[in-house]
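Biologist: Could you take me through the sheet in chain B and the helices that go with it? I'd like a close look at that one part.

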Amino acid sequence: MSDKPNDFIDQYQAWVREGLQTWSRQFDPKAASPGAGSSEAVPGDIMGRLFAGLAGYGDWMRSMASGESPAAPFGAGMPPCGQGGVGMPPFMQGGVGMPPYGQGGAEFLSMGMPPFGYGPPPGATAQPGSESFDEWARVANETLSMPAFGLNREQQEEQQALLRAWIDYAGHYQRYQTLLQGVYERAGETLRGQTPPGDAESMRSVYDRWVTLVEESYAQAALSAEFREVYASLVNAQMRLKVLQQSQLERVSVQAGMPTRKEVDSLGERLQAVRRELRQMHGLAAEVEALKAEVAALRAGTGKPKPAKAAPAAAVKKAAAKSVKRPPRGKSP
Amino acid sequence: MTSNPFHIDPQRAQAEVDAFRRKLEAGLETLKHVGPIELGTTPREAVYREDKLTLWHFKGEKPPTAKTPLLICYALVNTPWMVDLQEDRSMVRNLLAQGEDVYLIDWGYPDGADRWLTLEDYIDGYMDRCVDVLRKRHGIDAVNLLGICQGGVFSLCYTALHAEKVRNLVTMVTPVDFHTPDNMLSHWVRNVDIDLFVDAIGNVPADLMNFAYLTLKPVRLNQQKYVGLVDILDNPKEVENFLRMEKWIFDSPDQAGEAFREFARDFFQKNLLMKGEARIGARQVDLKKITQPVLNIYAEQDHLVPPAASTPMKRVVGSKDYTALAFQGGHIGIYVSGRAQKQVPPAIHAWLEKR
């Protein structure tokens, strides 16, 4: 490939960056000039997604022109239950290249950041997937399997279990990452094996060709037995970790005199049982009313009584009439 | 192996960049003037409310000619406004124009208080009460039921359990066999410990559901789509359409934990509906009890509910009057594409009119 396309890609990249910054300024309420138009009309989330898509496109163009491997199509990684980086739970981690949780969802995620229980385990200086991490994990697991003693025995056991779960999760996460990396490598290999078209093609059509190959490669992997096993293992490891984290939070909540999730769940479960019972009783009451009316009609001999089965519908109508009296909610035109 | 699979003309590429830039500049102006995006344009009134649920009745420009009302039961995932996205992309509006009398169950947005709602609460509870409202309102024994996606599964279960209250059943992009080889969602969820999952997170957050859907086609849905947006940025109407769809996609309700647990376990993992062993509460769902006419509409390019997941319906229902209608399009296109507007509502109306 000549230098010319590289030059233009560099220019394009610089221009995209400049454009994104300009746009960001335009939609920054602090920077917007008075009367410049309402930024409220433009959903910020859409802008974030658009920017992320363009940035990814630009990265791809640069990598293609330079001959370097583009960034993995899945950004920093893509665990089943959200975006995750090393040591971070998928629910809580934003990342580059994945708009849903990396951009627009960042605020949501940061709000949900737990005080402890996630993040790199103490002492882990290596990245999961490396030999040094494996060695660290082996030693850590041995240490964490040692019995606890004394007044804080239970708490210590919980902490140990939490750390072991984290190490387990990191292993599953690494397996998942490896699968995704394979997806990208296979797509790149297929692309490199393709014969260039006789007529010059647009940058966009090359990009679209690359996207199609990545998606095909991904679909093939995602429907494999290995992916199913790795995916489920990762989700399950993540949930085990979350349960242990919640357990610690419960302990803290109790100590702080706060209601725990377990208590709230218990209340909710009882509430739902009461709702069911109440509706059942309403149904029974309606049936009794219908029977009473039927008996009254028979006694009075005033004609053919209404069948009892009509009663529940009447009760429903009554309930409906009562219900629609409530003020309508927002989406009604 | 070829070392360079590309053939790019630098001058043409430069022209492409220039055109791209013009689109972006025009797009800035367009985006600054986009108004609030609303879904659900057809006039409607609430005829019944219960907890988070609303039963809507739509008003057409002329009175309905159909004697039996048509109740649309949408899925719990996403809001139901896909069927009434905008004026010129509205299945509801087109059904009304055909003469149907259209109602819609809007499940609302479950919160922590709804964590323990089960499928029985939804199907034998909310849904049954909505049907009863219509029966009473119209003085009829049975309604026409139109179930969509997961709502189609609900409609199948409901019809099997309350056969006397359903006159005709229409299902759209509705899975029956959850274990077909091309069903990616089902494939992924098969080995997940659903009990642990629901116990850990309670209600399933909408963002998590959306993330899962996006990962079905990660690059196409997270990157290519937004690159493509630049192509239409200089067209305000197209941008509004894009944003409207975007709003619908991401404005989703959370999933009630227990209902999610049951649906994922019994339908996705165990495929009990197909086996005839699904249960709603204590009652077994026997699809052979569905003897009323059934119209099953599926999308041939559906990546969420592949045709193979839907077409076995013919074998498992008891109806001798079964009609399948294949639509050339995807899971969403079947409601919003121009072709869908011309084909689907008239087909539904014509089928119902004969019965």
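Modeller: Happy to! Please keep in mind that this is a predicted model. Let's start with helix H15 (residues 338-353) of chain B, which lies across S3, S7, S8, strand S11 (294-299) and S12 of chain B. The direction of H15(B) is at about 160° to S8(B).

Those strands belong to an open sheet of 8 strands in chain B, with mixed pairing. Reading across, the order is S1-S2-S6-S3-S7-S8-S11-S12. At the edges sit strand S1 (44-50) and strand S12 (322-327) of chain B, each pairing on one side only. From one strand to the next, the twist averages 20°.

Now for one pairing inside the sheet. Strand S2 (residues 53-58) of chain B and strand S6 (residues 102-106) of chain B run antiparallel, joined by 4 bridges. Here you can find Trp56(B) opposite Leu104(B) in S6(B).

Another helix packs on the sheet: H4 (residues 150-161) of chain B. H4(B) touches strand S3 (70-73), strand S7 (143-148) and strand S8 (166-172) of chain B, and its direction makes about 140° with that of S7(B).

Finally, a helix pair in chain B is worth a look. The axes of helix H6 (residues 194-201) and helix H10 (residues 257-269) of chain B come within 10 Å and cross at roughly 165°. Because of that angle, H6(B) is roughly antiparallel to H10(B). Their contact has 5 nonpolar, 2 polar and 5 charged residues. Among the residues that meet there are Phe197(B) and Val198(B) in H6(B), and Phe260(B) and Arg261(B) in H10(B).

Conventions:
Residues numbered from 1 in each chain as written. Chains lettered and ligands numbered in written order. Predicted model: local features only at pLDDT ≥ 70, side-chain atom pairs only at ≥ 80, totals over all residues. Heavy atoms only, no water. Axes fitted to C-alpha atoms, helices over the stretch in contact; angles between N-to-C directions. Helix = DSSP H or I, 4+ residues; strand = E, 2+ residues; numbered from the N terminus. Parallel < 35°, antiparallel > 145°, perpendicular 65-115°, else oblique. Contact = heavy atoms within 4.5 Å. Nonpolar A, V, L, I, M, F, W, Y, C, P; charged D, E, K, R; others polar. Pairing = 2+ DSSP bridges.
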